[in-house]
2 protein chains.
Amino acid sequence: MIERVIPPTLKNAVEQISELPGYGEKSAQRLAVNLLNMPRGEAKQLIETLMEVLEKIHPCRECGIYTEEELCPVCADEERDRTTICVVEESFDAFAIERTGKYTGLYHVLGGRLSPLENITAEDLNIDSLIDRVNRENIKEVILATNPTVEGEATASYIYNLLKNKGITISRIAYGLPFGAVLENADDFTLAKALEHKTPI
Amino acid sequence: MIERVIPPTLKNAVEQISELPGYGEKSAQRLAVNLLNMPRGEAKQLIETLMEVLEKIHPCRECGIYTEEELCPVCADEERDRTTICVVEESFDAFAIERTGKYTGLYHVLGGRLSPLENITAEDLNIDSLIDRVNRENIKEVILATNPTVEGEATASYIYNLLKNKGITISRIAYGLPFGAVLENADDFTLAKALEHKTPI
């Protein structure tokens with residue numbers, strides 16, 4: 001029986017991998033087999049790189065973008081427009097916006113989206129620190145660039161309600177993006193258009 | 001620009017993950033973000049488990065099933081029918097067959113399938129060692145249980161040609177499985193039926 005034949009270390013690894021969002025038992029097995037089938041040196045190198053990521057990378061003190069420094073390169077750059085904050089779900093969304101070269105302001109990474117199904121509430125996201133930044137700094141505009149999904153919309157709407165009486169412009173990234181898409185997968189042109197046509201809420 | 005904003009360690013990790021079979025840049029980013037978003041202790045535990053897998057797990061000396069011992073539990077079990085070998089692509093295929101409880105013979109893990117597209121030839125698979133086992137041991141039957149895909153069929157057919165003049169029964173796992181499916185994803189009942197109705201080639 002499988003309980004006897006599958007090595008305990010491998011079973012344990014598959015169980016741990018399948019806890020990751022988007023993974024199930026089969027995809028976890030596939031990842032484990034792919035690692036084991038790689039030349040052992042390359043596989044160890046990959047695992048060491050992942051450990052290095054966990055040791056070196058942390059959220060920027062100000063905006064939450066994953067960085068190796070205390071302040072990320074955007075927050076540390078005095079040339080950026082420090083009156084505008086673009087709010088994104090994850091760091092890779094900010095990296096995707098940077099790739100367009102069309103945005104010169106700052107970011108704020110929520111670290112996810114409101115999701116009743118996954119039991120993610122406002123307390124699990126970096127929302128308090130966004131409000132703090134708006135209160136503390138000379139912010140004139142907040143662009144809500146959460147994903148154009150039901151959960152992203154709910155998150156944008158939640159944050160809008162917290163900010164609407166602060167006398168600043170609050171924008172939502174424009175719907176050049178098809179509903180239901182994932183922001184970090186958008187092509188650069190679409191993403192640039194969506195930023196260009198951002199509309200005040 | 002992204003080259004400036006994405007931390008080098010993270011960029012390096014995403015590049016290495018996207019080299020894994022079945023991964024692209026976006027799925028590699030997703031894996032990296034999921035790891036970083038986990039509680040740091042749990043993430044490190046997962047990485048350490050993966051490193052432990054690479055350090056402890058290796059192919060069984062006889063059959064190639066991934067195991068922590070020199071001989072896997074199947075090869076080490078004197079009660080198994082040592083005249084029958086079931087040839088599978090990967091260890092998890094053997095684990096899936098074990099789960100049915102319907103097979104009492106030995107295994108042989110090829111470590112993949114012939115694939116001209118991925119440049120995988122017979123030399124990359126454990127085929128020589130299978131022929132060796134058939135020549136050396138008292139083998140009466142070889143069951144070819146590669147996946148019922150075009151590549152799995154080609155692999156079975158290639159091995160059939162190497163074994164057909166050795167005076168043993170060569171069977172192919174029965175087509176209870178839908179064509180194009182992946183063996184390790186089959187449900188236990190279908191897999192048991194497919195073994196039960198194996199047909200001589």
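Predicted model: local features only at pLDDT ≥ 70, side-chain atom pairs only at ≥ 80, totals over all residues.
Is A:Arg136 buried or exposed in this structure? A:Arg136 has a relative accessible area of 52%, and because the cut-off for calling a residue exposed is over 50%, A:Arg136 counts as exposed.

A:Arg136 forms a salt bridge with A:Glu62, and the closest N and O atoms of the two are 3.9 Å apart. A:Arg136 lies in helix α7 of chain A, while A:Glu62 lies in the loop between β1 and β2 of chain A, so the pair ties together parts that are 74 residues apart in sequence. A:Glu62, for its part, counts as partly exposed, with a relative accessibility of 22%. Salt bridges that share partners join A:Glu62, A:Arg133, A:Arg136 and A:Glu137 into one network.

If we leave aside the neighbours within four places in sequence, the residues in contact with A:Arg133 include A:Glu62, A:Cys63, A:Tyr107 and A:His108.

Now to a second salt bridge, where the side chains of A:Arg113 and A:Glu90 meet at 3.6 Å, N to O. A:Arg113 sits in the loop between β4 and α7 of chain A and A:Glu90 in the loop between β3 and α6, so this pair ties together parts that are 23 residues apart in sequence. Both A:Arg113 and A:Glu90 are buried. In chain B, B:Glu89 forms a salt bridge with B:Arg113, with the closest N and O atoms 2.5 Å apart. B:Glu89 counts as buried at 1% relative accessibility, and B:Arg113 is buried as well, with a relative accessible area of 17%. Over all chains, the structure holds 20 salt bridges.

Let me step back to chain A as a whole. The secondary structure of chain A comes to nine helices and seven strands, and the C-alpha trace spans about 65 × 35 × 35 Å along its principal axes. Of the 201 residues in chain A, 53% are buried.

The area buried between the two chains is about 6200 Å², and carbon and sulfur atoms give 66% of it.

I will end with helix α4(A) itself. At 1.5 Å a residue, its 17 residues should span 24 Å, and its end C-alpha atoms are 24 Å apart, which agrees. The buried residues of α4(A) include A:Ala43, A:Leu46, A:Leu50 and A:Val53. What covers the buried residues of α4(A) includes α3 of chain A, together with α2, α3 and α4 of chain B.

Notes:
Residues numbered from 1 in each chain as written. Chains lettered and ligands numbered in written order. Heavy atoms only, no water. Buried area = accessible area lost by both parts, 1.4 Å probe. Contact = heavy atoms within 4.5 Å. Helix = DSSP H or I, 4+ residues; strand = E, 2+ residues; numbered from the N terminus. Expected span 1.5 Å × (residues − 1). Buried < 20%, exposed > 50% of the residue type's maximum accessible area, 1.4 Å probe, protein only. Salt bridge = Lys/Arg side-chain N within 4 Å of Asp/Glu carboxyl O.
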